[in-house]
Amino acid sequence: MARKKSRSKSQRRRSCWRSCWRVFYHRFVIPFMLGSFGASIYAAVVISYKLHNRSSSFDRNSVGDNFLNKVLASLNGTTSDKDPLNLDSFRKKNLSASWMDNPVESYSSSEGKKDHQVVPNFGHGNWIRDGLNDTPEKLYERKSLRQERIVKRVKELMNDDGTVQKFEKEAIQRSRNVDAAPLGNYTTWRNEYQQGKTFEDMLRLMQDQIIMARVYTTLAKLTNNLDLHEELETQLAKLAFMEEEPITDIDQQQRVLDAIADMGQTLAKAKEQLYDCKLVTNKLRAMLQTVEEELEYTQTYTTFLTQLVSKSLPSSIHCLTMRLTLEYYLLPPLMRKFPREYNLENPKLYHHALFSDNVLAASVVVNSTVMNSQDSSRLVFHLVTDKLNIGAMRMWFLLNPPGEATIEVQRFEDFSWLNSSYAPVLRQVESAAMKKFYFKTARSESAESGSENLKFRYPKYISMLNHLRFYLPRMFPKLEKILFLDDDVVVQKDLAPLWSVDLKGKVNGAVETCGVTFHRFDTYLNFSDHRISDNFDPKACGWAYGMNIFDLKEWNKNNITETYHFWQDLNENQTLWKLGTLPPGLITFYNLTQPLEKKWHLLRLGYDKGITAKKIEKAAVIHFNGHMKPWSELGISYYQPYWTKYINFEHPYISSCMFE
């Protein structure tokens, strides 16, 4: 019984607690939860409403609804406490500044009041002024009023007739300042011709008129406007005649001006009847393309002729050569010898090697060297030519001996050791492929293929006179040093100090020609071939032939001639380099060339017109390398006096051949 009573008491106690909890839960917990959730929902709706109205100024019908849906979706799906769209964030009044409209600034700007007090830690627009508490609805209302006032002001400005009239007046004034082309005055692109101040301006206008007349002539023919076509053709012929006629007096100038005025009237009429932007543009493009093609062909053919002239000797030099040759073979054999032959093998003298088939050029090299030497008796010249010019060369220096200097003249055909079994160049010349490449190319093909084809196929590049420089020790076995000179140089200073230059065990002393990016090995050699790329540095500095001091003892030690033969054999098909003796020279003397001071050798006088007189006068040797040789009509007139000063134009042989 006692157990039942105690059990019934505990049951009654638990039942009492349950009843109390149910009362507390229904009266306090549930209302509290509903209140908090309601506050959160209210805050979310207010913010969404404000955002919707903010976006409605751009597109109230579509953008605002879409944006509100996105906000509600974000409110429903966001769970992060730090997210500004989270419900808890609204409860905690943790809105970022970009979501809050600052009513203090808005009111201050719209009402002009300054006496306000901001509620500390306010959430989304609550503020107190003069004891009034504004709701979000009031804030939105004031913002809408401000927007309406702005729109109204813009409409007033747009509808202001005074402003429109002001703009119209300014536009009219600007249009009055624009130059309108007067009738009869036509130009393609320049307005300054309309008020030409000089006769030259009007001539340039005439060139424009001719271009446009050709355009309208074609358009008139296309549109079957034959009368206008004939009139344009007549005016074109008239202007073409004016172009060719020399203008020497005022009357002729006036006739040209009258013709320009007549053409202007005709072009103005053609413009009225025929002008179509698309047709005119297409015709001008077609004319431009035609002119460009003609220009390209003309430049190619001009380059061809320029190189042809530069490689040919003038008729006056041919005349001199023929006369000297005739006189030489009329001499008795005893009178054909040169004095002081005992100096030819003396290693203590200053020996010069010169290989040429141009008698006048060779004479300038010898004369300039002798005239600028302090002791010409120590000079020895070894001149080598071919069998066609041996008589002229020997006769010239027999008639005009170089002072106290010693000279000999030989022909390379007399060197018995120089044959095709020894020299690769001679062997290659005898091959059928080489003969076809250098000697059997039609002239028209060379002209059309441009300057490079003719440049590569110039037979002189495989002439033995050009390659003899690689056989100096074989030609002069008893000499220790020799100075090599090209036949297109002029010596202006005493060259004796070159024999005392320390070559530091190198074979070749030469002036380097490389700049920052040019005249390096990759300019001359084909580095796509592994035989070149594996053995040489593409950025190695190039140097110049034309004035080189060679140490013949070091030459023999380093087997220079054999090295040249090796690479010349490899280049039988012109795959390693294309032309000349400089590329094989760079290979043969690689790492065996000692740079000389630049004052010893100045190049570019055969193509560069920008060399100053100061530079030229300081140089010991000036070199006319390039196409514009001083003895040809292409020679640069500014530099020619440096060469012609060593020619005696009163010499009977020179004057009889009409040298200028």
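Is Tyr590 buried, partly exposed or exposed, and what relative accessibility does Tyr590 have? At 22% relative accessibility, Tyr590 counts as partly exposed, where buried means under 20% relative accessible area, exposed means over 50%, and partly exposed lies in between (1.4 Å probe, protein chains only). The model is predicted, so that local features need pLDDT of at least 70 and side-chain atom pairs count only at pLDDT 80 or more, while totals for chains, interfaces and linings use all residues. Residues are numbered from 1 along each chain as its sequence is written, and side-chain values use heavy atoms, with hydrogens and water left out.

An open sheet of seven strands, with mixed pairing, has the order β5-β4-β3-β6-β9-β8-β10; strands (E, at least two residues) and helices (H or I, at least four residues) are DSSP runs numbered from the N terminus, and two strands pair if DSSP finds at least two bridges between them. Because β5 (406–411) and β10 (593–595) stand at the edges with a single partner strand each, one side of each is left without a neighbour in the sheet. On average, neighbouring strands of this sheet are turned by 25° against each other, direction ignored. Strand β3 (residues 350–355) pairs with strand β6 (residues 481–485) in the parallel sense over three bridges, and Leu354 has Leu485 in β6 as its bridge partner.

Helix α12 (residues 359–371) packs on the sheet, where it touches β3, β4 (379–385) and β6, contact meaning heavy atoms within 4.5 Å. The direction of α12 makes about 175° with that of β4, with axes being lines fitted to C-alpha atoms, for helices over the stretch in contact, and angles running from 0 to 180 degrees between N-to-C directions. Helix α13 (residues 390–399) lies across β4 and β5 and runs at about 170° to β5.

A search of the whole structure finds 23 aromatic pairs, counted where ring centres of Phe, Tyr and Trp (its six-membered ring) lie within 6.5 Å, with planes under 30 degrees apart taken as stacked, over 60 as edge-to-face and the rest as tilted. Among them, Phe536 and Tyr590 have ring centres 5.0 Å apart and planes at 80°, so the pair is edge-to-face. This pair links distant parts of the chain, 54 residues apart, with Phe536 in the loop between α20 (530–533) and β9 (547–551) and Tyr590 in the loop between α23 (582–588) and β10. Phe536, at 9% relative accessibility, counts as buried. The rings of Trp543 and Tyr545, with centres 4.9 Å apart and planes at 80°, likewise form an edge-to-face pair, and both Trp543 and Tyr545 are buried.
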